[in-house]
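Please read the following alongside the sequence and the structure shown here. It walks through a loop, a core and a ligand site in turn.

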Amino acid sequence: MASSDLAAKKFMQCLQYDSYGGGSASFKHVQVPVPTPNKNEVLLKLEATTINPIDWKIQKGLLRALFLPRHFPHIPCTDVAGEIVEVGPQVKRFKVGDKVLAKLTHQYGGGLAEFAVASESLTAARPIEVSAAEAAALPVAALTAHDALTQIAGVKLDGTGHPKNILITAASGGVGHYAVQLAKLGNTHVTATCGARNIDFVKGLGADEVLDYKTPEGAALKSPSGRKYDAVIHCTTGIPWSIFDSNLAQNGKVVDLTPDLSSFKTFALKKLTFSKKQLVPFIVSVKSEGLEYLVQLVKNGRLKTVMDSKFPLSKAEDAWAKSIDGHATGKIIVEP
Ligand SMILES: NC(=O)c1ccc[n+]([C@@H]2O[C@H](COP(=O)([O-])OP(=O)(O)OC[C@H]3O[C@@H](n4cnc5c(N)ncnc54)[C@H](OP(=O)(O)O)[C@@H]3O)[C@@H](O)[C@H]2O)c1
């Protein structure tokens, strides 16, 4: 179908839920009007969408205090790739027919659908060498790994920085598998944790040493080579500060990607006591510049998206259940 015909399409298939809770069983497959782009937005014919844990945390009501989602019914998911079929009047960088990746907003979602509108400022061009699925997987997961490593851990991805010992927990997951690869672009020694079945996979991503998180050594986060960590990119939950403390270098930082009340208490305590070791709660902020940088790394073969599984839109509830299950190796993709 030509882009002009696609833009003229009035209705689309999507998945929605009507209230908090209910998991994958609460999804409804419905037909809704194709959204119209505002002046700074592009309309995308979607080719791939990924699921991030935040998508189902929003459904659980865990971000209700932040007014997420804005309203029901809600079409979830934010990280997408597709072709532009319409542009708003003030869009400058894109035209109809361009292949792009984009981050939709958590307020309005929209990714589990045939079409979605994206802000120009959260959209980046997708080179033909990068597939839609490889690109859709990037926004939240890869940018979180990138920003945690470069902004908080101080890793320079051109390799010019001081040598650093980095620990990456849950290195087999969506964020973790990007974090290992990106950390190894810098001057780092990477220790990683994952389940036994993923040890070879995580070594293959470049980790220098890998711990099985279900063993006593893994639970203790002890580097097999005796290193102390300058930074931890902490991609899982449930590890007390005391475990990190004994493994950190003098000025070591734990970048906590899933901060809860106890993380904020530890953060405050470390600040108030002028501790050199710190816990840093971190939430990513996606911008198109970051997406452009990452998609170029994929194009140049310096970063890869590993796909756990792909599901058609008609079976997106199975993809949703798999993400909630918490055992993905890499990224879960939905294709309209
Ligand atoms: N702050 C932010 O801006 C931000 C952004 C993105 C994500 N996050 C958060 O970061 C966390 C990770 O996200 P994700 O997308 O990477 O999740 P994910 O892909 O669902 O992670 C699944 C992986 O984690 C592994 N895993 C689970 N528990 C583990 C443990 N205790 N030790 C080692 N590995 C473990 C699993 O391995 P097994 O199958 O072997 O158990 C699986 O391979 C989530 O809580 C997410 O909400 C935060």
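**From a loop to the ligand site**

In this predicted model, Cys 77 sits in the loop between α2 and β4 (79–87). Its phi is near 85°, a positive value in a residue other than glycine. Cys 77 counts as buried because 28 C-beta neighbours lie inside 10 Å, where 20 or more are required. Pro 69 lies in the loop between α2 and β4, and a cis peptide bond joins Leu 68 to Pro 69, with omega about -5°. Pro 73 is also placed in the loop between α2 and β4, and the bond from Phe 72 to Pro 73 is cis, with omega near -5°. Most residues other than glycine have a negative phi, and most peptide bonds are trans.

Another positive phi, about 50°, belongs to Ala 170, in the loop between β8 (164–169) and α5. Ala 170 is buried, with 25 other C-beta atoms within 10 Å.

The largest nonpolar core has 98 residues, and Leu 44, Leu 101, Ile 168, Ala 179 and Ile 233 have the most contacts inside it. Helix α4 (residues 139–152) gives this core its largest share, 7 residues. Domain 1 (3–137 + 305–335) and domain 2 (141–281) both contribute residues, so the core lies between them. Beyond its neighbours within four places in sequence, Leu 44 is in contact with residues including Val 80, Ile 84 and Phe 115.

The ligand is surrounded by 30 residues, and the closest are Gly 173, Gly 174, Gly 195, Tyr 213 and His 327. Elements giving two or more residues to this shell are α2 (53–60), α4, α5 (174–183) and β9 (188–194). The shell divides into 14 nonpolar residues, 16 polar and no charged. Both domain 1 and domain 2 give residues to the shell around the ligand, so it lies between them.

Note on methods: Residues are numbered from 1 along each chain as its sequence is written. This is a predicted model: local features need pLDDT of at least 70, side-chain atom pairs count only at pLDDT 80 or more; totals for chains, interfaces and linings use all residues. A nonpolar core is a set of buried Ala, Val, Leu, Ile, Met, Phe, Trp, Tyr and Cys residues joined through C-beta atoms within 7 Å. A residue is buried if 20 or more other C-beta atoms lie within 10 Å of its own, exposed if 12 or fewer, and partly exposed in between; C-beta atoms are placed from the backbone. Helices (H or I, at least four residues) and strands (E, at least two) are DSSP runs, numbered from the N terminus. Domain bounds come from an automatic or database domain assignment. Two residues are in contact if their C-beta atoms, placed from the backbone, lie within 7 Å. A residue is near a molecule or strand if its C-beta atom, placed from the backbone, lies within 6 Å of it. Ala, Val, Leu, Ile, Met, Phe, Trp, Tyr, Cys and Pro count as nonpolar, Asp, Glu, Lys and Arg as charged, and the others, Gly among them, as polar.
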